[in-house]
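Subject: Structure handover and notes

Dear colleague,

Please read them with the structure open beside you.

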Amino acid sequence: MDNELQEIKKDIRKKMKLDFIIPDDIPNEKMFIDQVISFLEEEFKNNVRNKDEKTLTKAMVNNYTKNKLLPPPDKKKYTRDHLIYLIYIYYMKNVMSLSDIQKVMEPLLDKKMTSAKLYEIYKKTFEMEKSEYFNIEASAAKAASITEKKVPKDEDEQLNKMLYIFMLGYDIYSKKRLIEKLIDEMD
């Protein structure tokens with residue numbers, strides 16, 4: 001059983017492979033929008049589902065700026081701060097509305113927030129993400145194990161996979177609801 005769990009975790013790791021942007025790898029130089037997009041595309045290349053999927057486009061950046069999730073560039077140049085904001089937006093945009101993201105990021109976008117402080121917050125976020133990755137892996141492995149007990153793959157592989165997806169979806173839905181309640185308390 002322990003060996004089976006290790007195999008499940010190995011499979012999850014292979015499928016879930018995510019790229020993280022190490023704080024020291026974020027350029028601390030001003031960049032044009034095409035450079036920003038190229039940097040994030042390269043850093044997140046393993047996070048896309050297929051080759052046609054875009055991590056970021058000029059239209060997205062303009063939309064984030066228009067919605068006050070991102071400060072406007074200075075003379076068409078973007079800073080490390082912009083990259084950090086875009087990284088946060090990237091991770092949140094699939095589970096939160098733009099207005100919720102703005103509410104959560106409000107303290108980061110405050111004029112009193114210094115670049116040094118923002119960078120320190122990102123470093124803390126990165127450290128927490130790294131450790132959380134293994135908790136997510138363990139949670140997904142547990143869901144796979146529960147599913148396997150209810151409907152073994154060798155009995156009905158398609159039903160097994162469907163139930164596993166439902167289990168993961170329920171986990172995501174539950175966490176999304178918790179996120180929404182936490183955001184509602186931020187007033």
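The largest cavity is lined by Leu40, Phe44, Thr55, Leu56, Tyr64, Leu86, Ile89, Tyr90 and Lys93, where a cavity, on a 1 Å grid over the protein atoms alone, is a set of points where a 1.4 Å probe fits but cannot get out, and lining residues have an atom within 4 Å of a point. The space in this largest cavity is about 50 Å³, a volume being the space filled by probe spheres set on the grid points, which are joined across faces, edges and corners. By class, its lining divides into seven nonpolar residues, one polar and one charged; here Ala, Val, Leu, Ile, Met, Phe, Trp, Tyr, Cys and Pro count as nonpolar, Asp, Glu, Lys and Arg as charged, and the others, Gly among them, as polar. Helix α4 gives the largest share of this lining, three residues, helices being DSSP runs (H or I, at least four residues) numbered from the N terminus.

This is a predicted model, in which local features need pLDDT of at least 70 and side-chain atom pairs count only at pLDDT 80 or more, while totals for chains, interfaces and linings use all residues. Residues are numbered from 1 along each chain as its sequence is written, and side-chain values use heavy atoms, with hydrogens and water left out.

The second largest pocket holds about 510 Å³ of space, a pocket being an open set of points with protein on both sides within 12 Å along at least five of seven lines. Its lining has 21 residues, and those nearest its centre are Pro71, Pro72, Tyr85, Leu109 and Lys111. Both α4 (80-92) and α5 (98-109) supply at least two residues each to this lining, which by class has seven nonpolar, six polar and eight charged residues.

Two packed helices are described by the angle between their axes and the distance between the axes. For α4 and α5, the axes lie 11 Å apart at an angle of about 160 degrees, where axes are lines fitted to C-alpha atoms, for helices over the stretch in contact, and angles run from 0 to 180 degrees between N-to-C directions. The two helices are therefore roughly antiparallel, a word used for angles over 145 degrees, whereas under 35 is roughly parallel, 65 to 115 roughly perpendicular and the rest oblique. In their contact (heavy atoms within 4.5 Å), Tyr85, Tyr88, Ile89 and Met92 of α4 meet Ile101, Val104, Met105, Leu108 and Leu109 of α5. The residues of this contact are nine nonpolar, with no polar and no charged ones.

How do α2 and α4 cross, and at roughly what angle? The axes of α2 (residues 33-43) and α4 come within 11 Å and cross at roughly 45 degrees, and the pair is therefore oblique. Val36, Phe39 and Leu40 of α2 make the contact with Leu83, Leu86 and Ile87 of α4, giving six nonpolar residues, no polar and no charged.

Finally, the axes of α1 (residues 2-16) and α6 (residues 115-150) come within 9 Å and cross at roughly 120 degrees, which makes α1 oblique to α6. Residues in this contact include Leu5, Ile8 and Ile12 of α1, and Tyr133, Ile136 and Ala140 of α6. By class, the contact of α1 with α6 has 10 nonpolar, one polar and five charged residues.

Best wishes
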